There are 2 protein chains.
Amino acid sequence: MAFNFDSTYSGDLDIQSLVQQAKQALQDLKNATGKGSDFLGWLTLPRDYDKEEYARIKLAAQKIRGQSQVLVVIGIGGSYLGARAAIEFVKSQTHNQNSDLEVYFAGNSLSSKALSNLLDYCKDKDVCVNVISKSGTTTECSVVFRVFKELLENKYGKAGAAERIYATTEYSRRSKLYELAQKEGYECFLVPDPVGGRYSVLTAVGLLPIAAAGVNTDALLKGACDAMEHYAKDGDNDALRYAIMRNLYYKAGKKLEIFAPWEPDFTMLGEWFKQLFGESEGKENKGVFPASVVYTTDLHSMGQYIQEGERTLFETMLAVKNCGSEILLKEEEGDPDGLNFLGGKPLSFLNKQAMEATRIAHFDGGVPNALIEIDRADEYHLGWLFYFFMLSCAVSGYLLGVNPFDQPGVEEYKVNMFALLGKPGFEKQREILTQRIESLC
Amino acid sequence: MAFNFDSTYSGDLDIQSLVQQAKQALQDLKNATGKGSDFLGWLTLPRDYDKEEYARIKLAAQKIRGQSQVLVVIGIGGSYLGARAAIEFVKSQTHNQNSDLEVYFAGNSLSSKALSNLLDYCKDKDVCVNVISKSGTTTECSVVFRVFKELLENKYGKAGAAERIYATTEYSRRSKLYELAQKEGYECFLVPDPVGGRYSVLTAVGLLPIAAAGVNTDALLKGACDAMEHYAKDGDNDALRYAIMRNLYYKAGKKLEIFAPWEPDFTMLGEWFKQLFGESEGKENKGVFPASVVYTTDLHSMGQYIQEGERTLFETMLAVKNCGSEILLKEEEGDPDGLNFLGGKPLSFLNKQAMEATRIAHFDGGVPNALIEIDRADEYHLGWLFYFFMLSCAVSGYLLGVNPFDQPGVEEYKVNMFALLGKPGFEKQREILTQRIESLC
């Protein structure tokens, strides 16, 4: 993996001081002496993962593929984005069209239309469910799981359903989902305590659905493990440099990062990226706002703003060197569209030139940009990328001075929601909120 | 449609002066006395559209449904986002699963992987193509159309292919696509000159694929026409108020708008929204940066940042009052997940309470928010919304002092790209750029 960025935007800022701080941050991660150091399980996970559980994950994935046409993965946030990102990155956004096992994600909204559509689709198919909730109490997930549990029990009976339900949760907090899995006999996978949701893609949270979709998780873990060893060095490395760059730009007034992959199949990786960085850094009234686009698609939608809007942006592109399936452009008689000068060129050449063209145009427009290049869009490189981003994010959060492992702000709407839903114990808040809503115009 | 927003964030700004300016902007649109007034075709289009062409669009849509299993729509930016947004809004994100005609969008990237996958999928199916390019020279679109044209000619012969290719382009500039359509005998639809790409969803650009997907375009146009008549009044109306609100917040330092629909099927409407506002306002180093999320999904990813990150955000939510397909939650023996207090409640009640909870949480966190509520997620209300947003956007651009109908910044990367691709006439730029790329680290 190669990483390059313009360091011309540092202005008067002291880059050397950031470099020292980044090295210190890496030490703090290794020694567990920084903020949130009880959530560092992900740091050595690609080497220290539970081998016995991993073997069970692979067996379960095989069993699911044998049992079913459809796997419904019920989870939200960190229990959703990583697996979906991985499957689409390695396979494709339309992987369900030509897969032995279709994978659908549910429990990531409270939309009755979305849920009804999926229930209809599953009616006449053989279905397995993987319910994923670290705490075991996430409302979206629990509500939707109730509905699918009923569907499966009606279809296969209680014992048959138990054979098709896989639970991924946490043991230590005695999650209600863990208790239910024990009682009903669901196969259960555990998320290690010191791994937060957005850092959990390489635990059972991500690995079971990813493996079930036919993605090679051995290679994924190998990529992450190689990245881990590579970036463990204290010196100058890309993971630190990316964190330094983000903080350098931020201090120079570039408050918004645009994550810009050059493959449509990386769209959901952009969503995973946004959670990772947004939730890790967006606190104490600071943090780079993470946005994402896909190129060249969004050069024709957000391109104008990026080129000429408020000059508070920087950009991180992600490109693939060898795209695998090549398409050669041909010459056409009469050159009806004036494109014959591209005859004999592969489509990937166009994509690559569009990228170089855009880097320069945006640079000239005042948008500094970084480029991450990987050799192939395969499992190994995705594992590397996952680790690269998680490590960079942790270092970047330390440079910013925040705890990159908590998410205190996520609770606020939940408390309001429980009150408004009439959850026992929230009566007083309910009264206050109801009055406030009436007065809100 | 109802629209509400907090006017408490105006600070010391003069809201009355903005109100006057907005009324003036509406007059400038009606009288064609504002910036970019040669691109106002969309303003009265829902009433003044070409009835003969519209009848041909509906016939072509019927013919496509009879001819094919798959319609491939080739277009990018404004020739892509509106149709996809409409089909997913009215049908669903997974509409291809249970539709007589599957609709795929291509030519919106230069990815050979994405194109290869779609070509593979189309190999054994009956296919029609709608190629959409206003100028008739968009690179992504032209390149991908060459490939599909070859596929169709190999499959059906030259005459058979011509029966299955529909071109949507512009007449006046004598687009190459128009010339090709005449020569090959493709059925051709024309985008009126004074309608820019991002304002073109209610022309053949949007209407043909939308109608082919089985969406009722009569109702869509009726909604837009009713909105047009409603907002043509000079007085206080929601379209003006939304434009005023955006500029009020922007002047108060809220530089980033989060468009937040409460239905996953509105995801692509968010992409359409981002092009409309981003491309209309993002110029002269100013403009609100448009981002989008989907709730409750992204409360578990971007929620932390929105609640507690940099306080430069405001939010515009979009919710549906009557969701159509209801799911009732049941009580469960033993209350294994503690959710029995929701027994008997419809899922839409939860979604609605989550929305109220979030509005208050974000308001309390310093994020002013507006709420657009529609009765139903149907064609009529979508037509109304399309018009509402286009009109608000034009007024908002005038308030900001920019021309909301041009996009000068989109050309920059294109010029670089043509040079790098070796297009005849760009030799000198090519030389300069090649050197610059080598020096870029």
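A disulfide here is a pair of cysteine sulfur atoms within 2.5 Å. By that rule, the structure holds 0 disulfides over all chains. The views below come from a predicted model, in which local features need pLDDT of at least 70 and side-chain atom pairs count only at pLDDT 80 or more, while totals for chains, interfaces and linings use all residues. Residues are numbered from 1 along each chain as its sequence is written, chains are lettered from A and ligands numbered from 1 in the order in which they are written, and side-chain values use heavy atoms, with hydrogens and water left out.

**View 1**
C122(A) is in no disulfide. Its nearest cysteine sulfur belongs to C128(A), 11 Å away. C122(A) is buried, with a relative accessible area of 0%. (Buried means under 20% relative accessible area, exposed over 50%, and partly exposed in between, with a 1.4 Å probe and protein chains only.) In chain B, C122(B) is in no disulfide either. The nearest cysteine sulfur there is that of C128(B), 11 Å away. C122(B) counts as buried, at 0% relative accessibility.

**View 2. The open sheet of chain A.**
In chain A, 5 strands form an open sheet in the order β3-β2-β4-β5-β6. The pairing is parallel. Strands (E, at least two residues) and helices (H or I, at least four) are DSSP runs, numbered from the N terminus. Two strands pair if DSSP finds at least two bridges between them. Strands of a sheet pair through backbone hydrogen bonds, either parallel or antiparallel. The edge strands of chain A are β3 (102–106) and β6 (187–190), and each pairs on one side only. The twist averages 20 degrees from one strand to the next. Angles run from 0 to 180 degrees between N-to-C directions, and axes are lines fitted to C-alpha atoms, for helices over the stretch in contact. Strand β5 (residues 165–169) of chain A and β6(A) pair in the parallel sense over 4 bridges. Y166(A) stands opposite E187(A) in β6(A).

**View 3. Two helices on the sheet of chain A.**
Helix α7 (residues 176–184) of chain A packs on the sheet. It touches β4 (127–132), β5 and β6 of chain A, where contact means heavy atoms within 4.5 Å. The direction of α7 makes about 145 degrees with that of β5(A). Helix α8(A) lies across β2 (70–74), β4, β5 and β6 of chain A. α8(A) runs at about 160 degrees to β4(A). How many residues of helix α8 (residues 204–212) of chain A are buried? The count is 9 of its 9 residues. Among them are V205(A), L207(A), L208(A) and I210(A). α8(A) is followed by G214(A), whose phi is positive, near 90 degrees.

**View 4. The open sheet of chain B.**
In chain B, 5 strands form an open sheet in the order β3-β2-β4-β5-β6, with parallel pairing. β3 (102–106) and β6 (187–190) of chain B stand at the edges, each with a single partner strand, so one side of each is left without a neighbour in the sheet. Neighbouring strands are turned by 20 degrees against each other on average, direction ignored. Strand β2 (residues 70–74) and strand β4 (residues 127–132) of chain B pair in the parallel sense over 5 bridges. I74(B) has V131(B) as its bridge partner in β4(B). Helix α3 (residues 51–67) of chain B packs on the sheet, touching β2, β4, β5 (165–169) and β6 of chain B. The direction of α3 makes about 140 degrees with that of β6(B). Helix α7 (residues 176–184) of chain B lies across β4, β5 and β6, running at about 145 degrees to β5(B).

**View 5. Helices α1 and α14 of chain B.**
Helix α1 (residues 15–31) and helix α14 (residues 379–400) of chain B pack at an angle of about 115 degrees. Their axes are 9 Å apart. The contact includes L18(B), A22(B) and L29(B) of α1(B), and L391(B), V395(B) and Y398(B) of α14(B). The contact residues divide into 10 nonpolar, 1 polar and 1 charged. Ala, Val, Leu, Ile, Met, Phe, Trp, Tyr, Cys and Pro count as nonpolar, Asp, Glu, Lys and Arg as charged, and the others, Gly among them, as polar.

**View 6. Backbone details in loops.**
The peptide bond from Y295(A) to T296(A) is cis, with omega near 0 degrees. T296(A) is found in the loop between β8 (289–292) and α12 (303–308) of chain A. A32(A) is not a glycine, yet has a positive phi of about 55 degrees. A32(A) counts as partly exposed, at 38% relative accessibility.
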